[in-house]
Amino acid sequence: MLVFMGFFIHLCIINLFSLVITLKTILAIGDEKDFDSFQKFCRQAKRFKKKNFSIKSVSYDSFLKGKLPKVKSKSIIVLFFFPFEYWDKHIETRKSREVYGNRKYYLKFRKFWKEMDSKLSEFYSDKKINFVNPPGKIYLERDKEKTNTVFADAGIPVSRHYSTRNHRKILRLVDNGKKLFIKVRYGSMGKGITYLEKDRWLTNFSFKKGRILSKKSDYGWTFKDITDNKPFLRELLKQDVIVEEAINPFLLKGRMFDLRLYVCFGKVLYVYPRSNECDKVTTNISQGAKGENSAFVHSIPPLILKRAEKNALKTAKAMNLKFAGIDIMPNNGKNNVTVIEANAFPGFPKARKFNLAKLLIKEITLQKWK
Ligand SMILES: Nc1ncnc2c1ncn2[C@@H]1O[C@H](COP(=O)(O)OP(=O)(O)O)[C@@H](O)[C@H]1O
Ligand SMILES: [Mg+2]
């Protein structure tokens with residue numbers, strides 16, 4: 001009898017123990033088409049073993065059809081990857097005649113995230129849903145005007161924005177020696193960018209018969225000289241654009257560069273420099289800039305790196321993003337830096353260079369989730 005009671009108590013303790021260490025599920029939602037971050041994450045997830053966590057993944061396509069994985073645990077932690085297929089099918093479609101990066105793109109994107117939010121709570125109504133980056137905030141990073149205000153309000157160094165859309169006023173600024181970036185307000189990947197300085201105007205849009213044309217591809221947005229093309233400038237200023245002062249970039253080995261800092265739950269996990277020749281306009285790898293290695297990072301003055309890290313953490317916090325890629329450009333002189341943008345869906349470095357997915361999973365499991 002005593003032996004039986006002992007066994008019974010032992011069972012109770014095991015049950016109690018498993019109640020205390022409740023199982024949690026990380027649910028990654030992405031697209032198979034996303035050969036970069038989502039696939040790297042899923043590959044890493046297969047190798048993951050931790051008693052109180054499990055990782056599941058689902059495509060947006062299945063998700064939107066209501067086919068979501070069954071989850072045993074009470075607690076779910078959702079991690080979103082970029083919805084490439086949805087974007088190509090419903091937002092930046094091949095048929096779209098809208099100038100790339102206009103407000104319509106943003107409104108459709110926002111609608112998508114609202115839908116994700118409500119579908120998730122509907123499907124997992126009996127669960128506690130946590131988010132790495134909440135769907136109600138995740139799309140904000142796409143609005144370059146709004147984010148500039150959010151950053152500035154948080155005391156983060158940003159480029160000066162101009163509110164005028166009057167081409168004469170813009171030309172006066174340029175004539176007076178200002179160098180300006182005119183970027184589509186809701187763009188990314190270095191698409192839809194125009195640079196103006198006295199006698200040097202460049203754009204990676206096309207302009208034919210008085211119309212601004214957008215390339216139907218994410219790549220190959222090359223810059224063309226459009227110096228003094230006032231009809232183009234007038235048309236551009238009618239679009240949803242931002243007008244921003246250009247940073248005089250700090251050069252290393254004669255190259256300009258920016259730093260992508262991967263921030264995860266208040267830590268900088270990795271710094272990835274992207275460089276280009278100093279007469280180029282952008283440092284987007286998608287448009288031909290070069291990814292640099294750790295030797296390049298080591299040659300950056302430590303004070304610049306320190307300031308970049310401090311401001312990357314501040315930016316992620318101001319944006320309510322627990323995982324983000326923050327792009328920062330060091331300024332020439334005085335070791336200052338300028339925050340360019342925050343990305344809620346940063347591309348992942350090559351795993352053999354830096355296994356971001358592994359560290360991201362580790363950081364997620366280290367947090368206190370309800
Ligand atoms: N104000 C600026 N001064 C100097 N370079 C800039 C400025 N804004 C953007 N750039 C360059 O252009 C690139 C693209 O700008 P960004 O705002 O990041 O747009 P996107 O979202 O398309 O990547 C940056 O990575 C940087 O190299
Ligand atoms: Mg960018």
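## The shell around ligand 1

In this predicted model, three strands each supply at least two residues of the shell around ligand 1, namely S6, strand S17 (323-330) and strand S18 (337-343). The shell holds 19 residues in total, and the closest to the ligand are Ser188, Ala246, Ile247, Thr282 and Thr283.

Strand S6, one of the contributors to the ligand shell, is largely enclosed by the rest of the structure, because 4 of its 5 residues are buried. A residue is counted as buried when 20 or more other C-beta atoms lie within 10 Å of its own. S6 belongs to an open sheet of 6 strands, which follow the order S5-S12-S6-S7-S8-S11 with antiparallel pairing. The edges of this sheet are strand S5 (161-162) and strand S11 (224-225), each of which pairs on one side only.

Going through the pairs, S5 is joined to strand S12 (residues 241-245) by 2 bridges, and these two strands run antiparallel; within S12, Glu244 is the residue that stands opposite His161. Helix H8 (residues 167-175) packs on this sheet, where it touches strand S6 (180-184), strand S7 (193-197) and S12, and the direction of H8 makes about 140° with that of S6. S6 pairs with S12 over 5 bridges in the antiparallel sense, and Val184 has Val241 in S12 as its bridge partner. Towards S7, S6 is joined by 4 bridges, again in an antiparallel arrangement, with Leu196 in S7 as the bridge partner of Leu180.

## The parallel sheet

A second open sheet is built from 4 strands in the order S2-S1-S3-S4, and here the pairing is parallel. Its edge strands are strand S2 (53-59) and strand S4 (128-131), each pairing on one side only, while the twist from one strand to the next averages 25°. Strand S3 (residues 75-80) runs parallel to S4 and is joined to it by 4 bridges; in that pair, Ile77 stands opposite Asn130 in S4. Helix H2 packs on the sheet, touching S1 and S2, and the direction of H2 makes about 150° with that of S1.

## The buried face of helix H2

Which residues of helix H2 (residues 37-46) are buried? They are Ser37, Phe38, Lys40 and Phe41, a set that includes a lysine. Viewed down the axis of H2, the buried residues fall within an arc of 165°, so they line one face of the helix. As background to that pattern, an α-helix has 3.6 residues a turn, so residues three or four places apart point the same way. The buried residues of H2 pack against strand S1 (24-30) and also against helix H12 (356-366).

## Asp143 and its surroundings

Asp143 is placed in the loop that lies between helix H6 (135-138) and helix H7 (144-153). It counts as partly exposed because it has 19 C-beta neighbours inside 10 Å, where the cut-off for a buried residue is 20 or more. Leaving aside residues up to four places away in sequence, Asp143 touches Tyr106, Arg185 and Tyr186. Asn293, by contrast, is 150 residues from Asp143 in sequence, and their C-alpha atoms are 30 Å apart in space.

## Two loop residues with positive phi

Lys209 is found in the loop between strand S9 (206-208) and strand S10 (211-213), and its phi is positive, at about 50°, although the residue is not a glycine. With 5 other C-beta atoms within 10 Å, Lys209 is classed as exposed.

Asn320 also has a positive phi, near 60°, and is likewise a residue other than glycine. Asn320 is located in the loop between helix H11 (302-318) and S17, the latter being one of the strands that supply residues to the shell around ligand 1. Is Asn320 buried, exposed or partly exposed? Because 16 other C-beta atoms lie within 10 Å, Asn320 is partly exposed.

How values were computed: Residues are numbered from 1 along each chain as its sequence is written. Chains are lettered from A and ligands numbered from 1 in the order in which they are written. This is a predicted model: local features need pLDDT of at least 70, side-chain atom pairs count only at pLDDT 80 or more; totals for chains, interfaces and linings use all residues. A residue is buried if 20 or more other C-beta atoms lie within 10 Å of its own, exposed if 12 or fewer, and partly exposed in between; C-beta atoms are placed from the backbone. The arc is that of the directions from the helix axis to the C-beta atoms. Two residues are in contact if their C-beta atoms, placed from the backbone, lie within 7 Å. Two strands pair if DSSP finds at least two bridges between them. Axes are lines fitted to C-alpha atoms, for helices over the stretch in contact, and angles run from 0 to 180 degrees between N-to-C directions. A residue is near a molecule or strand if its C-beta atom, placed from the backbone, lies within 6 Å of it.
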